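Please look through the sequence and the model below. The paragraphs that follow take up the strands and then the disulfides.

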Amino acid sequence: QVQLVESGGGLVQAGGSLRLSCAVSGQTFSGCAMGWFRQAPGKEREERDFVGSIRWNGGSTFYGDSVKGRFTISRDNAKNTVFLQMNSLKPEDTGVYYCAAAVRPCYSGTYYSRLGRYDYWGQGTQVTVSP
């Protein structure tokens with residue numbers, strides 16, 4: 001069983017920064033990509049917005065339009081941990097942030113921008129951005 005645990009959420013003023021972490025543990029993890037999604041207040045799971053993704057091998061990243069230039073995803077392969085650095089935060093970035101893991105086979109491009117491409121999910125961490 002693979003487990004994902006997010007941390008680093010909190011309350012921040014608009015323009016501020018936060019750094020989220022997602023630690024992967026459990027059985028031998030043959031992961032291909034990790035993703036971050038945001039569930040805004042009042043939205044259902046199926047309406048989670050794609051924030052970004054990163055490939056374990058190579059580290060290539062892909063971002064949603066609303067966060068490009070502000071958010072950065074990185075990973076530490078040795079620690080099986082992925083990070084989401086969020087800068088210039090806006091009130092509309094408020095929500096519960098979930099990390100997700102996709103196992104092999106691996107794909108490229110925009111494949112990992114969709115919820116259904118992932119096999120494991122964390123419990124989420126709340127991010128609140130005040131005006």
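Two strands pair if DSSP finds at least two bridges between them, and strands themselves are DSSP runs (E, at least two residues), numbered from the N terminus, as are helices (H or I, at least four). This is a predicted model, in which local features need pLDDT of at least 70 and side-chain atom pairs count only at pLDDT 80 or more, while totals for chains, interfaces and linings use all residues. Residues are numbered from 1 along each chain as its sequence is written, and side-chain values use heavy atoms, with hydrogens and water left out.

An open sheet is formed by four strands with antiparallel pairing, in the order β1-β3-β8-β7. At its edges stand β1 and β7 (71–76), each with a single partner strand, so one side of each has no neighbour in the sheet. From one strand to the next, the twist averages 15 degrees; axes here are lines fitted to C-alpha atoms, for helices over the stretch in contact, and angles run from 0 to 180 degrees between N-to-C directions. Inside the sheet, β3 pairs with strand β8 (residues 81–86) in the antiparallel sense over six bridges. Ala23 stands opposite Thr81 in β8.

Beyond its neighbours within four places in sequence, Val5 is in contact with Ser21, Cys22, Ala23 and Gln123, where contact means heavy atoms within 4.5 Å. The C-alpha atom of Val5 is 17 Å from that of Trp56, 51 residues away along the chain.

A disulfide is a pair of cysteine sulfur atoms within 2.5 Å. Cys22 is joined to Cys99, with an S to S distance of 2.0 Å. Cys22 belongs to strand β3 (residues 18–26) and Cys99 to strand β9 (residues 95–103), so this pair ties together parts 77 residues apart in sequence. The torsion about the S-S bond is about 55 degrees, so the disulfide of Cys22 and Cys99 is right-handed. Both Cys22 and Cys99 are buried.

In the other disulfide, the sulfur atoms of Cys32 and Cys106 are 1.9 Å apart. Cys32 is in strand β4 (residues 31–39) and Cys106 in the loop between β9 and β10 (120–121), 74 residues apart. Cys32 is buried at 1% relative accessible area, whereas Cys106, at 28%, is partly exposed. With the bonded cysteines numbered in sequence order, the pairing reads 1-3, 2-4.

Key:
Buried means under 20% relative accessible area, exposed over 50%, partly exposed in between (1.4 Å probe, protein chains only).
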